[in-house]
Amino acid sequence: MERPRLLVLEDGTEYQEFARMFLADRWEVVPARSADQALEVLKEAPVGAMLLDLRFERAQPEDLTGDVTAVAQRMFGGDIQRALRWLKDQQGTLILKVLREAGHHQRAVFVHDFAEDRLANLRRLYGDVHSVPGFDAVAIGEALTA
Amino acid sequence: MTEPRTKHLPHDSMHDAMHDSMHDLIHDLIHDVAKYLTRVARNLPKDGPIPEVLGAMLVKDLYETHRQRPASARFDELAHAIEDPALRAGLRAHLTEIDALEQGVRSGDAPSMRRAAELALIFDRELRAFVEASAGG
């Protein structure tokens, strides 16, 4: 039986290794490391869901979504390094914003321990968003499909 | 040519020096250490042999956790965020024991792998309990 595609967004390989090991019986794993790559993947064929990292600390600045200069001015008194750090720390949600704006509204699951109010805010902004605190294969499998 | 989403910047070599709050450091501990330390540990088969491919992933989680270095090395960089010395020492002791098991884990010794996985889960549980208690207090 054909499996739905699972878009895995991260700055390394840990999520896709995990997904191929524990979720591959139900999902075909397709990785992406940036919003542009994700949009390319989504142009090829639709996906059934997305699994996202939040923090992209290993991403190169040119691969990050977000205007670092504007963030520095608006939030950090012009401090570019703090703005860059902030962009990396929020990168998963910033990429999700780009994908939602491009019309991709599939379920998004973060492996992250969001506070309740922050998760509620993400749902208000981006619709079908879930989070699982750790790499629990059963919990993530359920979150992707429940 | 597509406009880049960010302007090009020099790599932030001062990355860690930029952390200016204990809150950030604690969240780094959760993200950089606990989350990846338990990636396989959380999903090991309850009994029976541990598949080789899972063992290889476990090695990566425990001993190449953050930028190819063991979890204990990253913990040492961030541990000053934990003000309670007893908790800090307790968490470090779990990682010390994990490090001591490295030879057995790398050689596929099932008892070593299971003990290391158990310690990883204990570390994660104790660190998250500390974070919850801190948030509550």
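Guide: Gladly. This is a predicted model. We begin with B:R88, which sits in helix α4 (residues 85-100) of chain B.

Visitor: Is B:R88 buried, exposed or partly exposed?
Guide: Count the C-beta neighbours inside 10 Å: B:R88 has 16. Burial takes 20 or more, and exposure 12 or fewer. The count lies in between, so B:R88 is partly exposed.

Visitor: Which residues is B:R88 in contact with, leaving aside its neighbours within four places in sequence?
Guide: The test is a C-beta distance within 7 Å. With neighbours within four places set aside, the contacts of B:R88 are B:A79 and B:I82.

Visitor: How far apart are the C-alpha atoms of B:R88 and B:A135?
Guide: Along the chain, B:R88 and B:A135 are 47 residues apart.

Visitor: Where does B:R67 lie, and what is its phi?
Guide: B:R67 belongs to the loop between α2 (52-63) and α3 (71-78) of chain B. Most residues other than glycine have a negative phi. B:R67 is not a glycine, yet its phi is positive, near 50°.

Visitor: What about B:Q68: what is its phi, and is it buried or exposed?
Guide: B:Q68 is also in the loop between α2 and α3 of chain B. Its phi is positive, about 65°, although B:Q68 is not a glycine. Within 10 Å there are 9 other C-beta atoms, and 12 or fewer is the cut-off, so B:Q68 is exposed.

Visitor: Is B:R67 buried or exposed?
Guide: B:R67 has 10 other C-beta atoms within 10 Å. The limit is 12 or fewer, so B:R67 is exposed.

Visitor: Now chain A. What pattern does it follow along the sequence?
Guide: Chain A has six helices and five strands. Read along the sequence, they give β-α-β-α-β-α-α-β-α-β-α.

Visitor: In what order do the five strands of the open sheet lie?
Guide: The pairing is parallel. At the edges are β2 (28-32) and β5 (129-132) of chain A, each pairing on one side only. Neighbouring strands are turned by 25° against each other on average, direction ignored. The order in chain A is β2-β1-β3-β4-β5.

Visitor: Which residue of β5(A) stands opposite A:F110?
Guide: Strand β4 (residues 107-111) of chain A runs parallel to β5(A), and four bridges join them. A:V109 stands opposite A:H130. Opposite A:F110 is A:S131.

Visitor: What is the handedness of the β-α-β unit that β4(A) and β5(A) make with a helix?
Guide: The helix in this unit is α5 (residues 116-126) of chain A. With β4(A) and β5(A), the unit is right-handed.

Visitor: How is α3(A) oriented against α4(A): roughly parallel or roughly perpendicular?
Guide: Helix α3 (residues 68-75) and helix α4 (residues 80-101) of chain A pack with their axes 8 Å apart, at an angle of about 110°. The range from 65 to 115 degrees counts as roughly perpendicular, so α3(A) against α4(A) is roughly perpendicular.

Visitor: Which residues of α3(A) make that contact?
Guide: On the α4(A) side are A:I80, A:A83, A:L84, A:W86 and A:L87. On the α3(A) side are A:V68, A:V71, A:A72 and A:M75.

Visitor: What radius of gyration does chain A have?
Guide: The C-alpha trace spans about 55 × 35 × 25 Å along its principal axes. For 146 residues, a compact globule would have a radius near 15 Å. Chain A agrees, with 15 Å.

Visitor: Last one: what share of the residues in chain A is buried?
Guide: Burial needs 20 or more other C-beta atoms within 10 Å. Of the 146 residues in chain A, the buried share is 42%.

Conventions: Residues numbered from 1 in each chain as written. Chains lettered and ligands numbered in written order. Predicted model: local features only at pLDDT ≥ 70, side-chain atom pairs only at ≥ 80, totals over all residues. Helix = DSSP H or I, 4+ residues; strand = E, 2+ residues; numbered from the N terminus. Rg over C-alpha atoms; globule rule 2.2 N^0.38 Å. Pairing = 2+ DSSP bridges. Axes fitted to C-alpha atoms, helices over the stretch in contact; angles between N-to-C directions. Right-handed = clockwise from strand over helix to strand, strands pointing away. Contact = placed C-beta atoms within 7 Å. Parallel < 35°, antiparallel > 145°, perpendicular 65-115°, else oblique.
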